[in-house]
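Here is a report on one protein model.

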Amino acid sequence: MLENNSQTGLPVTDLPKGILFIRTIPLYFNHSDGLIIVKISYDKIKNWIANSQNLGTLFILNDQMQIVASNSDQISDRQFPFPPGITDLKQKSGYFKAEFQGNKVYMFMKKSDYTNWTYLSVVPTGLVQKDSHWIGLITFLIGLFVTIILIILSFTGSRKLYSPIDKIYRSLQEGKNTFRGFNELEFVERVMRNMKHQIMAQGRDLKKYYVFQLLHSGITQHEIQEKILGNHPDLHHRNKYIVIVTQINTLNKSRFHESDRELLLFAMMNILEETIPDAIRLSPVVINQSMACVMGLENRSDEEDKKTVLVYVQTAMNKIKQYVGIPVSAGISRPVGDLSQAPYALEEAMNALNYRVKFGNESLMFIEDVEPSSHQFNPVRFPEQLSRQLLDAIKLNDQATIDRSLKEIIQCVLQNQDIHFTDYYTILMRLLSHIIHLHQPDNENATLILNGKSLPRELMDLKTSSEIEKWFKERVIAPVIQFIQEKNDRHSFHITEQIIHLIESEQEPTLDSISLKLNYSPVYLGQIFRKEKGISFSEYIKSHSINRAMELLQNTNQSIQEISVQLNY
């Protein structure tokens, strides 16, 4: 055979079986004027193949799939006997399974890019697989050994890792049956989550306790820095503070009862916390059934700060009314420059809130508006004339006059712009004392306790003029009227009994003679007698005489003439 760049099939004369390689030289010139000829016999090639360490039978096929060389003597034909179904090898390299000369073999092939020859190795499947079971066994043993080592290491490591978890689990499990049925990690996770919630809740409660202590009794500067500003770091740069106090106006005509007040205050606290940002306030706290909140102000003008506070507080009041369904009022203190003055600011806010008695429910009052620092209050003047009218109406049980006089007194007091809010209660307390004296006329120092309850304490708890008017009517005036009526009824009954006794004891009783003995006017006695007996004095005398005559006729032997003389008939 002959191999060249451009032609093949050059006859060979002195090489009966072999390969002749011819190459022009120089190799990389356009015009080559020389040849290199290499002669290789088939025997030589066969020896080379036989001495190689390749597995199985090796074939070298030219581009026409003719056998160029092989290490097998069993194939004499130059054309390679392809297995059934395989006639050509087009891929560059690869392997496939086939049946060759009655044996199942693997054929591995590789095509040369230089000569376009195909190098084909035919290996029986038995030869390939003869050591596979040993390889598999060795692989299995190695894998088993490695697995056992890993299991031992994993068990030892997991024990070391689990030991702290087990200790935590056992310590947390004591006395807790809440999370039974969970594995250790789930149990620890749930317990830790509960502990986290408890710590957070206790932290919030502790913050509120510090704020309550600040407002109620005051704390030192060191405690303010540590306990207050330490828990509210955003307030460090605030230079002014105010106290806002919100309070439920009334639970009357609402779906709530007095027992719900704590729950309502809790709802108010949540709304305040959502409305006023955390960065500018302390935690709201409950003081004297009111919600108190300390708010920090920016270093701006008083008017700008006042507008900011007004927006926040008005928004909170609207939300409370919208979501909770109860009206509230708010009192706001003057700004203070240091948190140590918070108790004084709280007192001012409470004082501002007390002016609700004048302005009514759902009021928002700044202390500087209702109590200007430069304002001078005038002395208290008690409405004497209106008070006398009311007392006389109570004695006579004149309900129309009672209603008119009481309303005029309250309006007269609350419309006075020049008195302090405490003077309102001073005047009302004096009026209360006068009314109670009607209940206890013989006691100069009449006790202000009615039906076992302190009336002054009840009066101080009232917030609006309508509540005060209703309270006076129902709580004070109505019992006093009832007492006066009962007393008058007892007095009238006693006088009537005396009149009847004198009628029965006298021979010729008259209203004038009886009035002289009882020291009352005849007209007054006649009125009392008619009120108690339902008939006039004269009618009673006639009836009494007739009944006496009937009794004498039935029970004695006196004649009619004698009885008529005796009874003046």
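## Helix 16 against helix 17

The axes of helix 16 (residues 511-518) and helix 17 (residues 522-533) come within 9 Å and cross at roughly 100 degrees. Axes here are lines fitted to C-alpha atoms, for helices over the stretch in contact, and angles run from 0 to 180 degrees between N-to-C directions. Helix 16 is therefore roughly perpendicular to helix 17. Angles of 65 to 115 degrees count as roughly perpendicular, those under 35 as roughly parallel, those over 145 as roughly antiparallel, and the rest as oblique. Helices (H or I, at least four residues) and strands (E, at least two) are DSSP runs, numbered from the N terminus.

Helix 16 contributes Leu-511, Asp-512, Ile-514, Ser-515 and Leu-518 to the contact. Helix 17 contributes Pro-522, Leu-525 and Gly-526. Contact means heavy atoms within 4.5 Å.

## Basis of the model

This is a predicted model, in which local features need pLDDT of at least 70, side-chain atom pairs count only at pLDDT 80 or more, and totals for chains, interfaces and linings use all residues. Residues are numbered from 1 along each chain as its sequence is written, and side-chain values use heavy atoms, with hydrogens and water left out.

The pLDDT is the predictor's confidence in each residue, from 0 to 100. The protein averages 77, and 80% of the residues score at least 70. Over residues 1-13 the pLDDT is below 50. That stretch has 22 contacts in the model beyond near neighbours in sequence.

## Lys-240 and its two partners

The structure holds 12 salt bridges. A salt bridge is a side-chain nitrogen of Lys or Arg within 4 Å of a carboxyl oxygen of Asp or Glu. One of them pairs Asp-302 with Lys-240, at 3.4 Å from N to O. Asp-302 lies in helix 7 (residues 302-324) and Lys-240 in strand 9 (residues 240-248), so the bridge ties together parts 62 residues apart in sequence.

Lys-240 counts as buried, at 15%. Buried means under 20% relative accessible area, exposed over 50%, partly exposed in between (1.4 Å probe, protein chains only).

Lys-240 also forms a salt bridge with Asp-305, with the closest N and O atoms 2.7 Å apart. This pair again links strand 9 to helix 7, across 65 residues. Both Lys-240 and Asp-305 are buried.

Glu-469 and Lys-407 meet through their side chains in a salt bridge of 3.3 Å, N to O. Glu-469 sits in helix 15 (residues 465-505) and Lys-407 in helix 12 (residues 399-414), 62 residues apart. Glu-469 is buried at 13% relative accessibility. Lys-407 is partly exposed at 38%. Salt bridges that share partners join Asp-403, Lys-407, Glu-469 and Lys-473 into one network.

## Lys-208

Lys-208 lies in helix 4 (residues 184-216). Its relative accessibility is 16%, which counts as buried. The Lys-208 side chain reaches the backbone oxygen of Pro-284 at 3.3 Å. Leaving aside residues up to four places away in sequence, Lys-208 touches Met-269, Glu-273, Ser-283, Pro-284 and Val-285.

## Overall make-up

The protein has 19 helices and 15 strands. Of its 569 residues, 38% count as buried. Among contacts between residues at least 6 apart in sequence, 54% join residues at least 24 apart.

Conventions
A polar contact is a pair of N or O atoms within 3.5 Å; within protein, one must be able to donate a hydrogen and the other to accept it, and residues adjacent in sequence count only if both atoms are side-chain atoms.
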